[in-house]
Amino acid sequence: MRSLVVVCHPDPASYCAALRDRVVATLTESGHELRVTDLYAEGFDPLFTAAEHASHLDVGAHPHAAGHVADLQWCDQLVLVYPTWWSGQPAMLKGWIDRVWVRGATWELPAGGNRLQARLRNVRSLVVVTTHGSSKWINSLQGEPGKRVVTRTLRAVCHPRARTTWIALYGLDRSSAEDRQAFLDAVPRRLSSRRLRRLARRRSTAA
Amino acid sequence: MKALVVCAHPRGESFTRALTRAAVRGCERAGHEVTVLDLYELGFRAEMSLEEHRAYHSESPLLDPMTIEHAELVKAHDMLIFVYPTWWSGLPAVLKGWLERVMVLDVAFRLERQRVRPALTHVRRIVGITSYGSPWWVVKSLQDGGRRTLARALRMSCGTRVATTWLGMYSVDTSGIVERAAFLDRVEHTMAHLDPVRNHGGSR
């Protein structure tokens, strides 16, 4: 199984980086082929430009995104590791979605239509590993927009039967060191749930 | 009222910019004072930097002169108007980054005995004006992350005396010039006729 891990945090010494290390170690141990993209480390520019907007309906007019698109089209599983800020993806990661998930690569629009068709049908599994400063209750009141963007909107252009897995630590601001350690230790188990193991097995026999 | 209009679109000739102008006209007709922040024109940096992240939990989290200026503007305005195109069910990165970099400790929230409390209690109204490529029912089934971010998450930082107004143009990619003109009129009219009395128990 091929996994693309996209990491987004400005601080290389953050808790998010520890989560990334766990994710990478777990997937490597389970025999996944791995590509890791660290948006801050590579200095990704999240600003969708005027020129890109002018050509956003043209197929193949997005050279800036080529490498990222190739990774997206290569993977069976996409794993996003990021802190939830203002109830959603950090601007850096939102910018990656805005600029990389372009027409032709991830979606197609039939002439005169207004509903996207999926082009990222190679992606069978979407996994998010994230932290929320506030509690689960507050996030529920806010409607978890970050979660919906992944489990509904991004999923809509992936394989029609793509699975989504939400691995989240709520209440980070008031958590103890033990809570954070417990969550770190739970990541490997959550990442190798029976469902994901079965999927990985099927993908490796298919390959 | 004093209205702060935050606009996020890379192109000057875009529908979003036209919506911004319509909103400003409406506000001026109603006698509101208007300040416009055009994030792309200003060259606003979207992503939070490492230094800003390290300062985030300190007492002075604002490091950039531009975010300091914007934070002062937020404090001085009692109506926040966001005009943006909805991309991937959410805010454009630059607007999301504006929330992350400007709406920080002592601007959007305060800490009282380790508990987060709203600090935008002077804000009386949040207005969202946006365009969606998808039709209304698709936006609803995807659950409109951008709207939830502004009308729920940001609203929670505004205390209890805040109203929200949402103006959405659906299926914008397949809309014609007539529908767009009608929506522009609707935006201007709505902004000119916001009723401060009904929602807030008196214009203060």
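**View 1. Arg198(A) in helix H8 of chain A**. With 11 C-beta neighbours inside 10 Å, Arg198(A) counts as exposed. Arg198(A) belongs to helix H8 (residues 194–206) of chain A; helices (H or I, at least four residues) and strands (E, at least two) are DSSP runs, numbered from the N terminus. Between the C-alpha atoms of Arg198(A) and Pro110(A), which are 88 residues apart along the chain, the separation is 35 Å. The model is predicted, so local features need pLDDT of at least 70 and side-chain atom pairs count only at pLDDT 80 or more, while totals for chains, interfaces and linings use all residues. Residues are numbered from 1 along each chain as its sequence is written, and chains are lettered from A and ligands numbered from 1 in the order in which they are written.

**View 2. Positive phi at Glu144(A) and Gln114(B)**. Most residues other than glycine have a negative phi. Glu144(A) has a phi near 45°, a positive value, and sits in the loop between helix H5 (136–142) and helix H6 (145–154) of chain A. This residue, Glu144(A), is buried, with 24 other C-beta atoms within 10 Å. Gln114(B) is not a glycine either, and its phi is about 70°. Gln114(B) counts as exposed, with 7 C-beta neighbours inside 10 Å.

**View 3. Helix H4 of chain A and its contact with H4(B)**. Helix H4 (residues 91–100) of chain A is mostly covered, 10 of its 10 residues being buried. Among them are Met92(A), Trp96(A) and Arg99(A). The buried residues pack against strand S1 (2–7), helix H2 (50–54), helix H3 (66–74) and strand S3 (77–84) of chain A, together with H4 of chain B. The axes of H4(A) and H4(B) come within 8 Å and cross at roughly 175°; axes are lines fitted to C-alpha atoms, for helices over the stretch in contact, and angles run from 0 to 180 degrees between N-to-C directions. H4(A) and H4(B) are therefore roughly antiparallel (angles under 35 degrees count as roughly parallel, over 145 as roughly antiparallel, 65 to 115 as roughly perpendicular and the rest as oblique). Ala91(A), Lys94(A), Gly95(A) and Asp98(A) meet Ala93(B), Lys96(B), Gly97(B) and Glu100(B) here, contact meaning C-beta atoms, placed from the backbone, within 7 Å.

**View 4. The side of chain B that touches chain A**. The contact takes 35 residues from chain B and 33 residues from chain A. On chain B, helices H2 (50–55), H4 (93–102), H5 (136–142) and H6 (145–154) each supply at least two residues. H4(B) gives the largest share, 6 residues. This side of chain B divides into 15 nonpolar, 12 polar and 8 charged residues.

**View 5. Strand S6 of chain A**. All of strand S6 (residues 125–132) is covered in the sense that 8 of its 8 residues are buried. One side carries Ser125(A), Val127(A), Val129(A) and Thr131(A), the other Leu126(A), Val128(A), Thr130(A) and His132(A). S3(A) and S6(A) run parallel and are joined by 8 bridges, two strands being paired if DSSP finds at least two bridges between them. Thr84(A) has His132(A) as its bridge partner in S6(A). S6(A) also pairs in the parallel sense with strand S7 (residues 163–169) of chain A, over 7 bridges; there the bridge partner of Ser125(A) is Arg163(A).

**View 6. The open sheet of chain B**. Its 5 strands have the order S2-S1-S3-S6-S7, with parallel pairing. Strand S2 (33–38) and strand S7 (163–169) stand at the edges, each with a single partner strand, so one side of each is left without a neighbour in the sheet. Neighbouring strands are turned by 15° against each other on average, direction ignored.

How values were computed. Two residues are in contact if their C-beta atoms, placed from the backbone, lie within 7 Å. Ala, Val, Leu, Ile, Met, Phe, Trp, Tyr, Cys and Pro count as nonpolar, Asp, Glu, Lys and Arg as charged, and the others, Gly among them, as polar. A residue is buried if 20 or more other C-beta atoms lie within 10 Å of its own, exposed if 12 or fewer, and partly exposed in between; C-beta atoms are placed from the backbone.
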